[in-house]
There are 4 protein chains.
Amino acid sequence: MLAALKERVYKMNLMLPKNNLVTMTSGNVSGRDIKTGYVVIKPSGVLYEEMKPEDMVVVDLNGNIIEGKLRPSVDTPTHLYVYRHRQDVNGIVHTHSPYATSFAALGKSIPVYLTAIADEFGGPIPVGPYAQIGGEEIGKAIVEHIGDSPAILMKHHGVFAIGKTPESAVKAAVMVEDVAQTVYLALTLGQPEELPPAEVKRAHERYMTAYGQGA
Amino acid sequence: MLAALKERVYKMNLMLPKNNLVTMTSGNVSGRDIKTGYVVIKPSGVLYEEMKPEDMVVVDLNGNIIEGKLRPSVDTPTHLYVYRHRQDVNGIVHTHSPYATSFAALGKSIPVYLTAIADEFGGPIPVGPYAQIGGEEIGKAIVEHIGDSPAILMKHHGVFAIGKTPESAVKAAVMVEDVAQTVYLALTLGQPEELPPAEVKRAHERYMTAYGQGA
Amino acid sequence: MLAALKERVYKMNLMLPKNNLVTMTSGNVSGRDIKTGYVVIKPSGVLYEEMKPEDMVVVDLNGNIIEGKLRPSVDTPTHLYVYRHRQDVNGIVHTHSPYATSFAALGKSIPVYLTAIADEFGGPIPVGPYAQIGGEEIGKAIVEHIGDSPAILMKHHGVFAIGKTPESAVKAAVMVEDVAQTVYLALTLGQPEELPPAEVKRAHERYMTAYGQGA
Amino acid sequence: MLAALKERVYKMNLMLPKNNLVTMTSGNVSGRDIKTGYVVIKPSGVLYEEMKPEDMVVVDLNGNIIEGKLRPSVDTPTHLYVYRHRQDVNGIVHTHSPYATSFAALGKSIPVYLTAIADEFGGPIPVGPYAQIGGEEIGKAIVEHIGDSPAILMKHHGVFAIGKTPESAVKAAVMVEDVAQTVYLALTLGQPEELPPAEVKRAHERYMTAYGQGA
């Protein structure tokens, strides 16, 4: 069932090692099927290079396994909480990518020092509090603190990115690490100034309409 | 039309991910055809690994699309402004490569601490002011501040590199990141001294004549 | 003899360059055969890309060569000391991976600033004193200071990781470098807080039972 | 002529991009043929991926081109000066590898903070003064300051490594960057202590005799 979505979620999971966002079995991507409401997610603790599309696990929004021979990611309750509370979200990514996670370790958000941050995120990349893995605590903190951003840093932990599709959530996760690296380098070299909020808004709106090949 | 230039511009665009200068769809390379004056440029928001030579867009110097099924890069007005005001430039590259962009974030130029900077750039790598993406503002700032350098850092934004050909502009973009990394490392470890301007001039002139296989 | 274990130890040695933990011929992995008590280990000073499974050397717990045309790793006495004193250990890895070794250079342990450290290590990653290579000194220091951790940093030297299997020891060696990088970045950006010991214990126990696909 | 040495020097040149020590056309490896005294060296400004074994240039110790359609590296006078003054050296490598070059930018040597430095270098990695590229000045400075080390940092410039063979010079160049990275990380995290000279001597002598597979 949901073979096309499994293939997409599988491919998006492989984007994580390809972009150096994960180590060994860490990290995961899920996608929601709009029609059935089911969620397709990476199995727990499986190596990316040994994974196959049919290993993706199908769960319902309450965490019941609908199909799959493997256990789903231990972060499944986090994904499901976000899907239940954000109807606009159909793709979620979790990583411990190192530059972004260094900000998360400190509980620091990433200010808008770069046009790339204004364009992709439309404001600072927010940081949420420490929350325990495995239950609903992280999901609640994400929903409460992420606002309009496509990504959030969770204190002492790592990155969660969301999107209308698994593909756009993965793009946000990749861009978080990219801008986190540049901001890390800038902050260890000097003190950058923030772009003014009105300019961030203008740049973000232009990017959302003018960039790319349109719908 | 312009199939040979499209192939070259396509290949030079692929040099950006190969040299770790870009992330996802960021960055772009263009080339000017000397005979027609037309410019060949990367399409907007297309993944490098999915791009084909025939996807390159042909525009005239006023931004009219001459050929191409895809929208050109949102940075096209910047490229065109530079081509209109610098007859010696037939290749332009834009990246957000992380080390160079960390200097750009701070509005800091890169002094001549290394023989590689003297050889390749002939002086400090300059930095231009913040300018809005999409119109002529960035192009104007580049032309005003780049001087004889083959590359410039734009504040809060990233790198623009220019050359007599797309190939030489790409070489400049690669070398900017290379020397920016080494200078970043040196500056976080201590305070390097600048090479004296007369020695920079001597080294640059020697490099421009003695290095490589000649014309 | 021990062809299956040689194949596994060979494959795990190749995981070291694949995960950027070693340079040239540095680093090594060994595995113990539970039935015979023999240890299979990488030969000394051989390039990873030129190595074959049959090049792995078989030694007994006293260092006598049982089979093999090549000399075993100069770290063999260290591996054997640990195997003789830790019956639960059947795989050992040694690397000079750069981020972890920077903590080792300073004689600094890695505190629990991240959920990934709590999950994988169950406490701070300990550091042992300087000890001479080649004899029993390093083995003694590992056994004395590693406690319940799957990895230890040795002062001025590098990383040793242990596990119930060569595969789990390699996972620990990879994760040490991963968290060392993130903690390095966090410490050069600010001062993270440690997770409270009770929370570390809770997280580690949950991870050891809930994560992955079970036995 | 010298087809076997050309093949070896070609292969060793390719080790530079493979180990991330060079960018675009920077860097070079040469080897001396003991019988004829001729030196085989990389051509100037040629991309590594486009180079072939037969592109290597053969020169005599005075810089006369004996064979080759291409111009030799602009660093050829440096290599030749070293070969003329060090009969024990039959392989030389030059790179601008970033971590090592950040120490060179500052005119800082790399102290023995790590067992890997004691083992491979037998003492601190020395630094030589600023010297102009292209004549004999760099060669003189290398011979004067390198001592018993297989590598030296040249101020404002980069790394030169020497060896009994091109292969051992390349190994030294790779290890310089490896230990420079770890020492950079340690120095930006704290202040490591140096290993005592007597211990460095003991470790180096053991490594030179016990490590590897012997002659």
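Which residues of chain A does UniProt list for "domain: Class II aldolase/adducin N-terminal"? The unreviewed UniProt entry gives residues 7-184 of chain A; UniProt positions follow the numbering used here, feature names are shortened, and annotations may be inferred rather than shown by experiment.

This is a predicted model, in which local features need pLDDT of at least 70 and side-chain atom pairs count only at pLDDT 80 or more, while totals for chains, interfaces and linings use all residues. Residues are numbered from 1 along each chain as its sequence is written, chains are lettered from A and ligands numbered from 1 in the order in which they are written, and side-chain values use heavy atoms, with hydrogens and water left out.

Helices (H or I, at least four residues) and strands (E, at least two) are DSSP runs numbered from the N terminus.

**The sheet of chain B**

In chain B, 8 strands make up an open sheet with mixed pairing, in the order β4-β3-β2-β1-β5-β8-β7-β6; two strands pair if DSSP finds at least two bridges between them. Because β4 (65-67) and β6 (127-128) of chain B stand at the edges with a single partner strand each, one side of each is left without a neighbour in the sheet. Strand β2 (residues 39-41) of chain B pairs with strand β3 (residues 57-59) of chain B in the antiparallel sense over 3 bridges, and V39(B) has V59(B) in β3(B) as its bridge partner.

**Chain D against chain C**

Contact (heavy atoms within 4.5 Å) joins 32 residues of chain D to 31 residues of chain C. The buried area, meaning the accessible area (1.4 Å probe) that two parts lose on being put together, summed over both, is about 2800 Å² here, with carbon and sulfur atoms giving 58%. T115(D), L189(D) and Q213(D) supply 24% of the area that chain D buries against chain C, more than any other three residues.

There are 2 salt bridges between chain D and chain C, a salt bridge being a side-chain nitrogen of Lys or Arg within 4 Å of a carboxyl oxygen of Asp or Glu. E193(D) forms a salt bridge with K155(C), with the closest N and O atoms 3.3 Å apart. The elements of chain D that give two or more residues to the side touching chain C are α1 (3-18), α4 (115-121), α6 (166-187) and α7 (197-210), and α6(D) gives the most, with 9 residues.

| Chains | Nearest C-alpha atoms |
|---|---|
| Chain B and chain C | 10 Å apart |
| Chain A and chain D | 10 Å apart |
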